[in-house]
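This report describes one protein model for a reader who has not seen it before. Please look over the sequence and the structure before reading on.

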Amino acid sequence: MTQNIHETITAKIIEQLQAGTAPWRKPWTHPNASVAFQLPINATTGKRYRGINIPLLWGAVDDRAFTTNEYATFKQWAERKEFVRKGEKGNLIVFYDVLERENDKQEIDKIPYLKTSFVFNRCQLQSYTAPEQPADEPRPLLERLEAVDSFIHNTGAIVRHDGGNRAYYSRLTDDIHMPEPEIFTGTPTQTAQESYYAVSLHELTHWTGKDTRCNRQFGKRFGDRAYAFEELVAEMGSAFTCAYLGITDAPRPDHVSYLTSWLEVLRDDKRAILTAASEASKALDYLAAFQGEVCAP
């Protein structure tokens with residue numbers, strides 16, 4: 001069963017990557033994007049969904065035009081005297097559970113395995129009526145960008161602007177190198193300033209991978225493709241962190257050049273996409289801790 005779940009999710013991600021898009025890259029073009037493309041939360045616990053569940057639920061927003069980021073199971077809604085409309089379909093999420101089994105030494109082995117569940121958006125409830133007024137506008141862009149700048153500063157990461165047109169994290173010197181902000185350009189869905197900070201957050205995700213931080217080491221598992229896998233983690237980490245901070249994300253200029261290598265990684269290892277999404281969430285948790293906040297449930 002676990003293998004089938006991995007294969008189903010991986011096949012969906014591969015299909016989207018082959019089409020040239022990534023499910024964790026959601027430019028906020030949706031009419032209610034200021035709400036819908038926030039990090040999804042559980043309406044009863046207030047906790048944020050993590051890992052692969054973030055792009056899965058973002059995909060549900062995209063497919064079904066939900067206007068809220070609140071989800072809960074059928075039972076959780078019922079406990080709040082809220083009921084799902086007849087005919088509504090649930091939205092897939094996954095989580096790990098533990099199976100306890102006695103081994104030959106009469107010891108208990110704890111075996112993790114993947115389970116599925118289905119959650120429903122608040123828009124799918126009988127009580128839900130679309131607001132007459134459009135969703136509130138997000139905080140002013142300048143205020144959000146100042147918050148991102150403070151977020152990066154609070155981590156203590158060293159960011160150097162040394163000219164050129166390359167952005168990268170150096171493991172050797174443990175610092176981030178960025179082009180000057182003035183050379184970044186905008187798109188119809190992203191300002192030039194947001195572009196600069198999205199790339200900065202990509203490199204900051206790489207920064208979390210150091211052995212004294214999140215300690216990401218993929219060499220043995222992914223071999224020659226470990227570099228591409230780390231880029232996948234950083235891509236997703238940037239997307240999650242941009243959503244957390246309320247700024248628009250967009251693909252890096254080198255996004256297309258990595259598509260082929262990501263596809264190879266996902267085809268070779270059906271668990272890779274779940275691992276990458278999990279590591280991206282851990283990176284966000286690590287960075288948020290510097291702000292005195294906890295993202296993890």
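## The strands around S7

Strand S6 (residues 168-170) and S7 run antiparallel and are joined by 3 bridges. Strands here are DSSP runs of E with at least two residues, helices are runs of H or I with at least four, and both are numbered from the N terminus. Two strands count as paired if DSSP finds at least two bridges between them. Tyr-168 has His-177 in S7 as its bridge partner. S6 and S7 make a hairpin with 4 residues between them, and Asp-174 in the turn has a positive phi of about 55 degrees.

S7 also pairs with strand S5 (residues 159-161), in the parallel sense and over 3 bridges. In that pairing, His-177 in S7 is the bridge partner of Arg-160. Along strand S7 (residues 175-178), Asp-175 and His-177 point one way while Ile-176 and Met-178 point the other way, and all are buried. Buried means under 20% relative accessible area, exposed means over 50%, and partly exposed lies in between, with a 1.4 Å probe and protein chains only.

## Basis of the model and overall make-up

The model is predicted: local features need pLDDT of at least 70, side-chain atom pairs count only at pLDDT 80 or more, and totals for chains, interfaces and linings use all residues. Residues are numbered from 1 along each chain as its sequence is written, and side-chain values use heavy atoms, with hydrogens and water left out.

The protein has 10 helices and 7 strands. Of its 297 residues, 49% count as buried. The accessible surface comes to about 15,500 Å², and 50% of this belongs to carbon and sulfur atoms. Such areas come from the Shrake-Rupley method with a 1.4 Å probe, and for residues only the protein chains shown count as cover. Among contacts between residues at least 6 apart in sequence, 70% join residues at least 24 apart. A contact means heavy atoms within 4.5 Å.

## The four-stranded sheet

An open sheet of 4 strands has the order S1-S2-S4-S3, and its pairing is mixed. Strand S1 (41-42) and S3 are the edge strands, each pairing on one side only.

Strand S3 (residues 91-102) pairs with strand S4 (residues 108-121) in the antiparallel sense over 12 bridges. Val-98 stands opposite Pro-112 in S4, and Leu-99 has Ile-111 in S4 as its bridge partner. The hairpin of S3 and S4 has 5 residues between the strands, and Gln-106 there takes a positive phi near 60 degrees. Glu-107 is also in the loop between S3 and S4. Glu-107 counts as partly exposed, at 45% relative accessibility. Apart from neighbours within four places in sequence, Glu-107 is in contact with Arg-101 and Glu-102.

## The largest pocket

How much space lies in the largest pocket? The volume is about 680 Å³. On a 1 Å grid over the protein atoms alone, a pocket is an open set of points where a 1.4 Å probe fits, with protein on both sides within 12 Å along at least five of seven lines; lining residues have an atom within 4 Å of a point. Grid points are joined across faces, edges and corners, and a volume is the space filled by probe spheres set on the points.

Of the 27 lining residues, Arg-50, Asn-53, Val-94, Phe-95 and Tyr-96 are the closest to the centre of this pocket. S3, S4 and helix H10 (272-289) each supply at least two lining residues. H10 gives the largest share, 5 residues. By class, the lining has 10 nonpolar, 10 polar and 7 charged residues. Here Ala, Val, Leu, Ile, Met, Phe, Trp, Tyr, Cys and Pro are nonpolar, Asp, Glu, Lys and Arg are charged, and the others, Gly among them, are polar.

## Loop and helix positions

Most residues other than glycine have a negative phi. Lys-81 has a positive phi near 60 degrees and is found in the loop between H4 and S3. Lys-81 is exposed, at 67% relative accessibility. Glu-82 is in the loop between helix H4 (74-79) and S3. The C-alpha atoms of Glu-82 and Leu-125 are separated by 6.7 Å, although these residues are 43 apart along the chain.

Thr-241 lies in helix H8 (residues 226-245). Thr-241 is buried, with a relative accessible area of 1%. Leaving aside neighbours within four places in sequence, the contacts of Thr-241 are Phe-151, Leu-201 and Leu-284.
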